[in-house]
Amino acid sequence: MEYDHIVIRYGEIALKGKNRKMFTSRLQENVAAQLKQFKAIKISMHRDQMYIVLNGEKPDEIIEKLKNIFGIQSMSVAIKTDNEVELIKQAALHALQSEQNAKTFKITTRRTNKEFPIGSQEFNHVLGGHLLSNTNGHSVDVHHPDVEIKVDIRAKATYITSRKILGAGGLPVGTAGKTLLLLSGGIDSPVAGFLAMKRGVQIEAIHFHSPPFTSERAKQKVIDLAQRLTEYGAKIKIHVVPFTKLQQKIHQEIPHGYSMTVMRRMMMRISETVAKDRDILSLTTGESLGQVASQTMESMHAINDVTNYPIIRPLIAMDKEDIIKIAEQIKTYDISIRPYEDCCTVFVPKAPKTKPKSDKVQYFEGLIDFSDDLKETIEGIETIDIKKDIGIDKELNDLF
Ligand code: ATP
Ligand code: MG
């Protein structure tokens, strides 16, 4: 006898009433996409939980993948048996014996199948007795057991599980619409993307790139970040914006104290255009209040002034240390700290205004005609498809 299934529990999505079907089928698709490499497995959906039939695949690596899928509250490896007392006894014994360090245990039977001849309390005792007489040095502890063996007797089969493994929580990616993530090569924006995904949002990314001031390696960094994020959702498109010409013009024409604000406003305009074109209803940034000059209240006001689009800022109230902790956990940190220049650091003035006034910014912008440059920049956008595991597909200008 061996663990031949993984039970997946949904958590929050179980509460979502009518939408439940949509949530569970999306979760099933996401699980199937993340587990594509395990050819033998089958996924089977039930109302309150999902099962992965291992068909000989080893569970450990699969569980590592499942830990990244939003919408899963917890999971356990399970043994499936027919609804027969002797088989269930054997499986429960196997479950206890595979927990090598456990000395105390508890059995919890749940019997939704009322045709099963023994009541759950009584069956707890039957199984407990069987385990005690077939092991050495184990005892029952109903309050703080080292291991709780759960026996779930359902209509067609019984599932025996022991350890509960925590899932990522959140909602299945793709159930809460799409956002366009402004993805720099920094620490913050990938974390912002991750948090948006955790609430069920699918992402596309937009990156502003200024060759030759920023290198191919800076672009590769962003591709690698997006690749990491695909661990949490299926594929991610990156729209790479050739920003050099526009940035140089801003640098030449706008008083230096205001150039950063104008540059950010251009980023917002371009991002909004791309989002609209792709039916994406919001933008997401890695801004965190007070972190740098562009993230004061005044600055955000002046930058936000050019768009009516909702801007999601998952990190707005977070401290840098907490952001870094998440970046480490999702393994984007080591990519983010690779030392390549970002377009904003190259052109950043020595003393940007930390409290730019919207009307002044508008005044300086109004003196210059940027419309052709904006158009040309948008026309030059290159879209890269980042797919999980498979690598990269280039689709030049599939957008415009
Ligand atoms: P990050 O670590 O995400 O780069 P940051 O703390 O360095 O953030 P800023 O450089 O002020 O902060 O950028 C604020 C936000 O603007 C970023 O989180 C990101 O969403 C967006 N952004 C900045 N630079 C770029 C870029 N080159 N391409 C796309 N988005 C960018
Ligand atoms: Mg940055």
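Does Glu365 count as buried or exposed, and at what relative accessibility?

1. **The overall picture.** Please keep in mind that this is a predicted model. The chain has 14 helices and 16 strands. Along the principal axes, its C-alpha atoms fill a box of roughly 85 × 40 × 40 Å. Buried residues make up 52% of the 400 in the chain.

2. **Contacts and surface.** If you count contacts between residues at least 6 apart in sequence, 79% of them join residues at least 24 apart.

3. **Charges.** One spot to look at is the positive surface patch made by Lys353, Lys355, Lys357 and Lys360. Of these, Lys357 sits in the loop between helix 12 (343-347) and helix 13 (358-366).

4. **Arg265 and Glu365.** Side chains of opposite charge can pair when their charged atoms come close. Here is one such pair: Arg265 and Glu365 form a salt bridge, with the closest N and O atoms 2.7 Å apart. Arg265 belongs to helix 8 (residues 256-277) and Glu365 to helix 13, so the bridge ties together parts that lie 100 residues apart in sequence. Now for the opening question: Glu365 counts as buried, because its relative accessibility is 9% and the cut-off for buried is under 20%. Arg265 is buried as well, at 2%.

5. **Asp224 and Arg338.** A salt bridge also joins the side chains of Asp224 and Arg338, at 3.0 Å from N to O. Asp224 is in helix 6 (residues 216-229), while Arg338 is in the loop between helix 11 (333-336) and helix 12, so this pair links parts 114 residues apart in sequence. Asp224 is partly exposed, with a relative accessible area of 21%, and Arg338 is partly exposed too, at 28%.

6. **Arg110 and Asp152.** The structure holds 23 salt bridges, and one of them pairs Arg110 with Asp152, whose closest N and O atoms are 2.9 Å apart. Because Arg110 is in strand 5 (residues 104-111) and Asp152 in strand 7 (residues 147-153), the pair ties together parts 42 residues apart in sequence. Arg110 is partly exposed at 40% relative accessibility, whereas Asp152 is buried at 11%. Do follow this one further on screen: salt bridges with shared partners join Asp48, Arg110, Asp152 and Arg154 into one network.

Technical notes: Residues are numbered from 1 along each chain as its sequence is written. Chains are lettered from A and ligands numbered from 1 in the order in which they are written. This is a predicted model: local features need pLDDT of at least 70, side-chain atom pairs count only at pLDDT 80 or more; totals for chains, interfaces and linings use all residues. Side-chain values use heavy atoms; hydrogens and water are left out. Helices (H or I, at least four residues) and strands (E, at least two) are DSSP runs, numbered from the N terminus. Buried means under 20% relative accessible area, exposed over 50%, partly exposed in between (1.4 Å probe, protein chains only). Contact means heavy atoms within 4.5 Å. Patches are made of residues with over 30% relative accessible area and no salt bridge: like charges are joined within 9 Å, nonpolar side chains (Val, Leu, Ile, Met, Phe, Trp, Tyr) within 5 Å. Accessible areas come from the Shrake-Rupley method with a 1.4 Å probe; for residues, only the protein chains shown count as cover. A salt bridge is a side-chain nitrogen of Lys or Arg within 4 Å of a carboxyl oxygen of Asp or Glu. Lys and Arg count as positive and Asp and Glu as negative; His and the chain ends are not counted. The place of a charge is taken as NZ of Lys, CZ of Arg, CG of Asp or CD of Glu.
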